[in-house]
Every structure is written in C-alpha cells, then in structure tokens.
Protein chains: 2
Amino acid sequence: MKTQLKKGTLDMCVLAALSQADSYAYELVSKLSQGMDISEGTIYPLMRRLQNESWVSTYLVESSSGPSRKYYKLTEAGRRELETMRREWQEFVAEVENVLRGGPAAATEGAQQ
Amino acid sequence: MKTQLKKGTLDMCVLAALSQADSYAYELVSKLSQGMDISEGTIYPLMRRLQNESWVSTYLVESSSGPSRKYYKLTEAGRRELETMRREWQEFVAEVENVLRGGPAAATEGAQQ
DNA sequence: ACAAGATACCTTGTATCGCAAGGTATCTTT
DNA sequence: AAAGATACCTTGCGATACAAGGTATCTTGT
C-alpha cells in the first residue's frame, strides 16, 4: 500500500478503532494491518502523539500470554477530534474526486491539444 | 486544508488536470488552489518529479502577458500511471472508510468498556 | 531446566513530501 | 522609470511512515 497516501489518516484510523473498543498498540497493528498495513515503527510514535494531545489515556493490564499490555482509551476530547477528522477527511475526499472528475479546479483555459 | 492528507494525491490531481488539457505550473497552481490549496513551492518540485518519471513532456509557449510558459503534456505512460493511481486511490479510500465504519480491521477482541 | 518462539514494549535513522520564504526575469501599465 | 502582475525556480523546515534493531516477558517443546 502506498506510504504517502496514509499520511494523516492513520491517527484517524486508530482513533476510530479505539472508539469501538480499548486496545493496545501491538493489537492495533495486527488488526489494522489486515487492510491498512501499519507497522510497529509507525504505531508507537503515533500513540505517543495521540497521548500528548490528550486524545487517549492509558492503563496497564497484565496478560496471561506475555508482558503487560498498555491499553489506550479514547478521551472525550479524542472523540470530538475523531469527528473533526472524519469531517475533514470527507471534505478532502470530495475535493479530490472533484478534481479527478475534471471539476472546476481543473485547468481548462488556453491550453493545447 | 490539512497538509498531511494531500501527500501522495497531488501528483494524481495534477495528472488528472493535465489529462483534460495541457497546462503550465503557474496555471495549475491557480486552478487547483481553488479547491485543493497547492502552492508554488509544491508544484515545481512536483512537476520535475513527473517529468523525471516520463509521465509528462514539456514545450515552451510565448505569452503575450508575461514570460514564456512551460507547458506540460501528459505522455502515454503518464496516462497509464494516472489510471494506476486512480485505482490505488479508490482502494485506499475504500479501506479507510471500512476502518471508519468499524470494519474487520478494527480492534474488537479482549478490550474493556 | 533450557532453548526457541511468540508476545509486547520501545528507539534511531532514513526517505518523502508539502510549504513558506525568498530569489530572478519578463511584460504591461502608469 | 517605477510598480505590479506573470512566470519561473531553489533552499530549508516540519511532519510522518517505516525498516531495522533492541529489550523484556511468558509459554512451549525437548
């Protein structure tokens, strides 16, 4: 999957996943990797960013099959941010599709061929 | 408009615009800026990339209202690449929407709340 | 008991790309 | 001659995805 296209969407995808159920980074990677292809080197800095913005909070849970898991939980601010991101995403997609359709943003004047 | 979201889509948008009519960088900026918000500092390196990939060719046209314009024209390879990008874009959007809908890529197992 | 593998955390360095800021040259208008 | 629009371009910065590598825990096979 094209790396550049993902820029700016992974935060939203993670927040969306967390809006359904709390999760931990390692699990998020394996779940999101099915369709989105996200790697560990991406998720850990990303989760830190989300936490710095206070969009998620964390708590530790001991696991019966390995080391403790750091669960992330969406905060109220995170829920609001997710809605904002959704809106921006939809607007962005609409604008790109508009250009692809040859909408008003396409160059039409004074050109040849 | 969110900077990160544009990454990887501007090439496609420019190729799409050129698929309708030849154009030059300065004009592409003013046309695409209406909806997409693209700046000169972005377009010139971008056009060079497209040319390096042989997706566009260029020709000079003298203007009656300023310096000569460097027109860009989509090549056959460019047309094929545009179709590839379109496909990848659609697949990508579909996958993101899937995650937003809480699709199979969302974390559901073993979480709390 | 010990090695191997899975689970789970993390950091460092690299590449890419969009953009603000700045620079140059041409042509028209005042 | 000066000012402004047109049109080209480069440099340096910030953001982010990722490969590669590292550490610790827990289970399983021998």
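Predicted model: local features only at pLDDT ≥ 70, side-chain atom pairs only at ≥ 80, totals over all residues.
The UniProt annotation "domain: Transcription regulator PadR N-terminal", which comes from an unreviewed entry, covers residues 14–83 of chain A.

- Chain A has an open sheet of three strands in the order S1-S3-S2, with antiparallel pairing.
- Strand S1 (23–24) and strand S2 (56–61) of chain A sit at the edges with a single partner strand each, so one side of each has no neighbour in the sheet.
- S2(A) and S3(A) are joined by six bridges and pair in the antiparallel sense.
- To find your place in that pairing, look for Ser57(A), which stands opposite Lys73(A) in S3(A).
- H4(A) packs on this sheet, where it touches S2 and S3 of chain A. The direction of H4(A) makes about 120 degrees with that of S2(A).

**The sheet in chain B**

- Chain B also has an open sheet of three strands, with the order S1-S3-S2 and antiparallel pairing.
- S1 and S2 of chain B are the edge strands, each with a single partner strand, so one side of each is left without a neighbour in the sheet.
- Helix H2 (residues 10–20) of chain B packs on the sheet and touches S1, S2 and S3 of chain B. The direction of this helix makes about 90 degrees with that of S3(B).
- Strand S1 (residues 23–24) of chain B is joined to S3(B) by two bridges, and the two run antiparallel. Here Tyr24(B) has Tyr71(B) as its bridge partner in S3(B).
- Strand S2 (residues 56–61) of chain B is linked to S3(B) by six bridges, again antiparallel.
- Two handy landmarks face S3(B): Ser57(B) stands opposite Lys73(B), and Leu60(B) stands opposite Lys70(B).

**Around DNA strand C**

- There are 29 residues around DNA strand C, and the ones that come nearest are Tyr26(A), Glu40(A), Arg69(A), Lys70(A) and Lys6(B).
- Of the atoms of DNA strand C that come within 4 Å of the protein, 74% belong to sugar and phosphate.
- Chain A reaches phosphate oxygens of DNA strand C in several spots. An N or O atom in the side chain of Lys70(A) is 2.7 Å from one, and an N or O atom in the side chain of Tyr24(A) is 3.1 Å from one. With Tyr26(A), a backbone N or O atom is what lies 2.8 Å from a phosphate oxygen.
- The elements that give two or more residues to this surface are helix H3 (25–32), H4 and strand S3 (69–74) of chain A, plus helix H1 (3–6) and H4 of chain B.
- H4(A) gives the most to the surface near DNA strand C, with four residues.
- Sorted by class, the surface near DNA strand C has eight nonpolar, twelve polar and nine charged residues.

**Around DNA strand D**

- DNA strand D is surrounded by 30 residues, with Lys6(A), Tyr26(B), Glu40(B), Arg69(B) and Lys70(B) the closest.
- Sugar and phosphate make up 74% of the atoms of DNA strand D that come within 4 Å of the protein.
- Chain A has two contacts with phosphate oxygens of DNA strand D to look at: an N or O atom in the side chain of Thr42(A) is 2.8 Å from one, and a backbone N or O atom of Ser64(A) lies 3.2 Å from one.
- The elements that give two or more residues to the surface near DNA strand D are helix H1 (3–6) and helix H4 (40–52) of chain A, along with helix H3 (25–32), helix H4 (40–52) and strand S3 (69–74) of chain B.
- By class, nine residues of the surface near DNA strand D are nonpolar, twelve are polar and nine are charged.

Note on methods:
Residues numbered from 1 in each chain as written. Chains lettered and ligands numbered in written order. Heavy atoms only, no water. Near = heavy atom within 4 Å. Polar contact = N/O pair within 3.5 Å; in protein donor to acceptor, adjacent residues only side chain to side chain. Nonpolar A, V, L, I, M, F, W, Y, C, P; charged D, E, K, R; others polar. Pairing = 2+ DSSP bridges. Contact = heavy atoms within 4.5 Å. Axes fitted to C-alpha atoms, helices over the stretch in contact; angles between N-to-C directions. UniProt positions renumbered as here; feature names shortened; annotations may be inferred.
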